[in-house]
Amino acid sequence: MLIGIAVVGVLVLGIGLGVGLARGDGNGASAWAGTELAEPQPKPAIVLPDTDGRPFDLQAETEGRLTILFFGYTSCPDICPANLITLDKALTTMPGDVRAAAQVVFVSVDPVRDSPDVIRSYLDQYDRSFVGLTGTADQLADAQDIAQVPRATFDEPDDSDFYTVGHASQMIAYSPDGSAHIVYPFGTRQVDWARDLPRLARGETP
Amino acid sequence: MRFWCVRLLSDWSWEWRPYYGVWVLVAAFATVYGLSWRRHLRVTGRSLVAADRRHVYRFAGALAVLWITSDWPLGALGSGYLLSAHMMQFLLYVLGVAPLMLLGVPEWMARRFVHRLQIDRLYRIVARPLVAGVLFNVLLVCSHAPDTVDLLRGSQLGSFVIDMTWLLMGLIAWSPVISPLPEVVHESVLIKMAYLFLAIGGVSIVPAGFMVFSEYPLYSAYELAPRVGLSAVDDQQLAGAIMKVGMVPVVWGAMAVMWARWFYADHAGDQSYRRARADAPPRSEV
C-alpha cells in the first residue's frame, strides 16, 4: 500500500510540476493574461447613481482612462471578494502613474441589500478610489445588457433570509481608447494583473 | 460529509466539519498496530515491559499528531484557506508524525512490516543518507511547486496524496537517523548530524525564500481563497518563515541530543578506560 501511495504520489506530483513548468508564468502562451475579445466592445453608456447619490456617467467620467468594470454584490461569498482583493493588491504594487490611470467601477446587482452606504463601506475595505454604483432593478438590468454581460439571477432565500446572486464573474477592462479588448475571468491573479495593467494603462491593446 | 480536507470556495467558518477519511486512517493505523502487538505478545508469551510501553506511547503520540494535523480545523484551513496552515501541516507530518511513528514501531514489527511488503531491499537503499536526502528534497520541491499544490488541493484525493506524500517524506528522511531497524541507522554520529543539517534543514531554505521574498502570491489556491485574517502575500510570507524557522528547533534539537549522547558515551568510555588503566598493574610488573 505504501509503495502504491508513493508511486501515485510521485507520479501526480511530477505531472503537476511538469504542467507547471510547461505553463510558465501565465495563462498559456498569450502575450496577455486576460481573455482577448474577438471584437472590441465599446464602453457602455451607463448612467447610475454612485455611493454619494450623484449620477455617474461611465463614459464621461472615465474618458481617456483605463476603466475596469465589474458587476457583483457585497454579500457575495466568493467571486467578488476574490476579484476585488486580487485587483486591489495588484494595483498597490503598481507605479503611481498606473494606479492614477486606472479607475475601478463596481456595479452592485443587488439593490435590495446594497444601499449606497453598504457599497461604500464594502469598497473602502479595498480602496477608497473604487467607484460604487447602484440603481433600481430595471436600471441595473439595462446596465448589464448594455455591458453585454448576463443578467444577475437571484436564488431562493435560505432559513436566515440569505440568498446568493448569480452574476457575471469577469472584470471588463476598457482601454483609454474607450473600448474593451480584453476581459479578466474569475481566477485572474495578482501576477496576471501586474503583467497587463501597465500596458493597458499606456493604451496598448491586444 | 467529506473524505478528506479539500479546498472550498465558501467563507471560512469555525463550525466543525467532519472528515471521515481522517478517522478511518487513524483507526486503521491504530488497529494494525494494536493487532500486531497482540499477536506478538501471544506468540512470545510475554507481557508489556517499560520499553514496550514507550513504543506504544510514541506511536499513540504519532497518531494524535496525525489526527490534529489532518482533521478540522488545521486540515481544513491548510487545504483551502491559508498557506501558513498548509505549511504547519507539512512540518507536523515531517517533523512530528513521521519521527514519532518510527520511534513507536518496535524492531520486530518493523522487520515484519518491510518483510511482508517485500520492501526489505528497497527500504535499505532508500534509507541510505544520500538517497534519503535526495529523495526527501526532490519530493519537497515537487510537493511545494505551485502547480502541484494548486492542482492537488482542489480534490479530496489530491489533498490526501499531498498529505500522505509528506508523511512518506518524513519516514524516508528520518530513517537514516532513527529507523527501528538498527542496521539501517547510520553508525557515524557526525554523518547523521551533517545529514540532518543538510538534508532536512538545508534545501527548504529555497522554497521558503521564494515564499518570503515573492512580491505576488505563488499559489492560486490560496490567493483566490476566501481570506482568513491575512492577505495572500502576508500569509505566504508567514508560510515561508514557518517552513524555515519551524525546522530549526526539531532539527537542531535532534542534532543536540545526538551530540550529547555521543559525547557522554565517549566520555564514559574514556573514564572507564582510565579507570581500567589505573586499576591495572604497572607495565614493569607484568
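B:Thr148 is buried, at a relative accessible area of 0%; buried denotes under 20% relative accessible area, exposed over 50%, and partly exposed the range in between (1.4 Å probe, protein chains only). The model is predicted, and local features need pLDDT of at least 70, side-chain atom pairs count only at pLDDT 80 or more, and totals for chains, interfaces and linings use all residues. Residues are numbered from 1 along each chain as its sequence is written, chains are lettered from A and ligands numbered from 1 in the order in which they are written, and side-chain values use heavy atoms, with hydrogens and water left out.

The secondary structure of chain B consists of 13 helices and zero strands. Helices (H or I, at least four residues) and strands (E, at least two) are DSSP runs, numbered from the N terminus. The C-alpha trace of chain B spans about 85 × 50 × 35 Å along its principal axes. Of the 286 residues in chain B, 49% are buried.

B:Thr148 belongs to helix H8 (residues 146–152) of chain B. Its side chain reaches the backbone oxygen of B:Cys142 at 3.0 Å. A polar contact is a pair of N or O atoms within 3.5 Å; within protein, one must be able to donate a hydrogen and the other to accept it, and residues adjacent in sequence count only if both atoms are side-chain atoms.

**Salt bridges**

Over all chains, the structure holds 13 salt bridges, each defined as a side-chain nitrogen of Lys or Arg within 4 Å of a carboxyl oxygen of Asp or Glu. Among them are the following pairs.

| Salt bridge | N to O distance |
|---|---|
| A:Arg189 and B:Glu223 | 2.8 Å |
| A:Arg202 and A:Glu204 | 3.0 Å |
| B:Arg153 and B:Asp163 | 3.4 Å |

A:Arg189 and B:Glu223 meet through their side chains. A:Arg189 lies in the loop between strand E10 (179–184) and helix H7 (190–201) of chain A, and B:Glu223 lies in helix H12 (residues 220–223) of chain B, so this pair joins two chains. Both A:Arg189 and B:Glu223 are buried.

The salt bridge of A:Glu204 with A:Arg202 has another setting. A:Glu204 is partly exposed, with a relative accessible area of 32%, while A:Arg202 counts as exposed at 59%.

B:Asp163 and B:Arg153 form a salt bridge within chain B. B:Asp163 lies in helix H9 (residues 156–178) and B:Arg153 in the loop between H8 and H9, so the pair ties together parts that are 10 residues apart in sequence. B:Asp163 is buried at 1% relative accessibility, and B:Arg153 is buried at 0%. Elsewhere in chain B, a network of salt bridges links B:Glu107, B:Arg111, B:Arg124 and B:Glu183.

**Surface patches**

Patches are made of residues with over 30% relative accessible area and no salt bridge: like charges are joined within 9 Å, and nonpolar side chains (Val, Leu, Ile, Met, Phe, Trp, Tyr) within 5 Å. A patch of positive charge gathers B:Arg38, B:Arg39, B:Arg42 and B:Arg116 on the surface. Helix H1 (residues 20–44) of chain B gives the most to this positive patch, with three residues. B:Arg38 lies in helix H1 and is exposed at 58% relative accessibility.

B:Met1, B:Trp16, B:Tyr20, B:Trp23, B:Val24 and B:Trp67 make a nonpolar surface patch of about 700 Å². Here too, H1(B) contributes the largest share, three residues. B:Val24 is found in helix H1 of chain B and is exposed, with a relative accessible area of 51%.

**Backbone geometry**

Most residues other than glycine have a negative phi, and most peptide bonds are trans. A cis peptide bond joins B:Trp72 and B:Pro73, with omega about 5°. B:Pro73 lies in the loop between helix H2 (50–70) and helix H3 (74–80) of chain B.

A:Asp161, which is not a glycine, has a positive phi of about 70°. This residue sits in the loop between strand E7 (153–154) and strand E8 (165–166) of chain A and is exposed, with a relative accessible area of 60%. The phi of B:Gln118 is also positive, near 55°. B:Gln118 lies in the loop between helix H5 (107–116) and helix H6 (120–126) of chain B, and counts as exposed at 70% relative accessibility.

Conventions. Accessible areas come from the Shrake-Rupley method with a 1.4 Å probe; for residues, only the protein chains shown count as cover. Lys and Arg count as positive and Asp and Glu as negative; His and the chain ends are not counted. The place of a charge is taken as NZ of Lys, CZ of Arg, CG of Asp or CD of Glu.
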